[in-house]
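Subject: Structure handover

Hello,

Here is the structure for you to open. Please keep it on screen while you read the notes below.

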Amino acid sequence: MTISSEDIELADKFYDILNTGYYCDSNSVTDLYNKLTGKNVNNTNCATCIRHRVLEIHNIVERLKEESKDDKTKVTEGN
């Protein structure tokens, strides 16, 4: 899987917002979630669902960051 630096920044932003007790734009979260997981889930206003998606996005990005330490092709510039 290839992930752009913009996707990483967005994922980190979502995680930071979530940790302050607020919720992110559900459309943006769902778009990034679908992109990173390869799923095609619908948007939701369910706060628990959004939180779950942000946490799953965060776990994927952290795993890819760890893997990219050895393989720089995992993280790309741009989209």
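One term comes first: accessible areas here come from the Shrake-Rupley method with a 1.4 Å probe. By that method, the protein chain exposes about 5000 Å². Carbon and sulfur atoms supply 46% of that area. Please remember that this is a predicted model.

Now the overall layout. The protein chain has three helices and two strands. Read from the N terminus, the order is β-α-α-α-β. The chain has 79 residues, and 33% of them count as buried. Next, take the contacts between residues at least 6 apart in sequence: 59% of these join residues at least 24 apart.

The core

Which residues have the most contacts inside the largest nonpolar core? They are Val29, Leu36, Val54, Ile57 and Val61, in a core of 16 residues. Helices α1 (5-19), α2 and α3 (47-68) each supply at least two residues of this core. The largest share, six residues, comes from α3.

Beyond its neighbours up to four places away in sequence, Val29 touches Phe14, Cys24, Ile50, Arg53, Val54 and Ile57.

Is Thr30 buried or exposed? Thr30 has a relative accessible area of 5%, so it is buried, as the cut-off is under 20%. Its side chain makes a polar contact with the side chain of Asn43, at 3.3 Å. Setting aside residues up to four places away in sequence, Thr30 touches Val41, Asn42, Asn43, Thr44 and Arg53.

Tyr33 also has a relative accessible area of 5%, and it counts as buried. Which side chain does the side chain of Tyr33 meet in a polar contact? That partner is Glu56, at 3.2 Å. The charged end of Arg53 sits over the ring of Tyr33, 5.6 Å from the ring centre. Leaving aside neighbours within four places in sequence, Tyr33 is in contact with Gly38, Lys39, Val41, Arg53, Glu56 and Ile57. The C-alpha atoms of Tyr33 and Val54 are separated by 7.7 Å, and these residues are 21 apart along the chain.

What about aromatic pairs? A pair of aromatic rings is described by the distance of the centres and the angle of the planes. How many aromatic pairs are there? The count comes to zero.

Tyr15 and Leu55

Tyr15 is found in helix α1, and Leu55 is found in helix α3. Why is Tyr15 called partly exposed? Its relative accessibility is 24%, which lies between the cut-offs of 20% and 50%, so it is partly exposed. Leu55 is partly exposed as well, with a relative accessible area of 30%.

Tyr15 is in contact with Val54, Leu55 and His58. Leu55 touches Tyr15 and Leu18.

Tyr15 and Arg51 are 36 residues apart along the chain, and their C-alpha atoms are separated by 9.0 Å. Leu55 and Phe14 are 41 residues apart along the chain, and their C-alpha atoms are separated by 9.0 Å.

Best wishes

Terms used
Residues numbered from 1 in each chain as written. Predicted model: local features only at pLDDT ≥ 70, side-chain atom pairs only at ≥ 80, totals over all residues. Heavy atoms only, no water. Helix = DSSP H or I, 4+ residues; strand = E, 2+ residues; numbered from the N terminus. Buried < 20%, exposed > 50% of the residue type's maximum accessible area, 1.4 Å probe, protein only. Contact = heavy atoms within 4.5 Å. Polar contact = N/O pair within 3.5 Å; in protein donor to acceptor, adjacent residues only side chain to side chain. Phe/Tyr/Trp six-rings, centres within 6.5 Å; stacked < 30°, edge-to-face > 60°. Lys NZ or Arg CZ within 6 Å of the ring centre and 35° of its normal. Core = buried A, V, L, I, M, F, W, Y, C linked by side-chain atoms within 4.5 Å.
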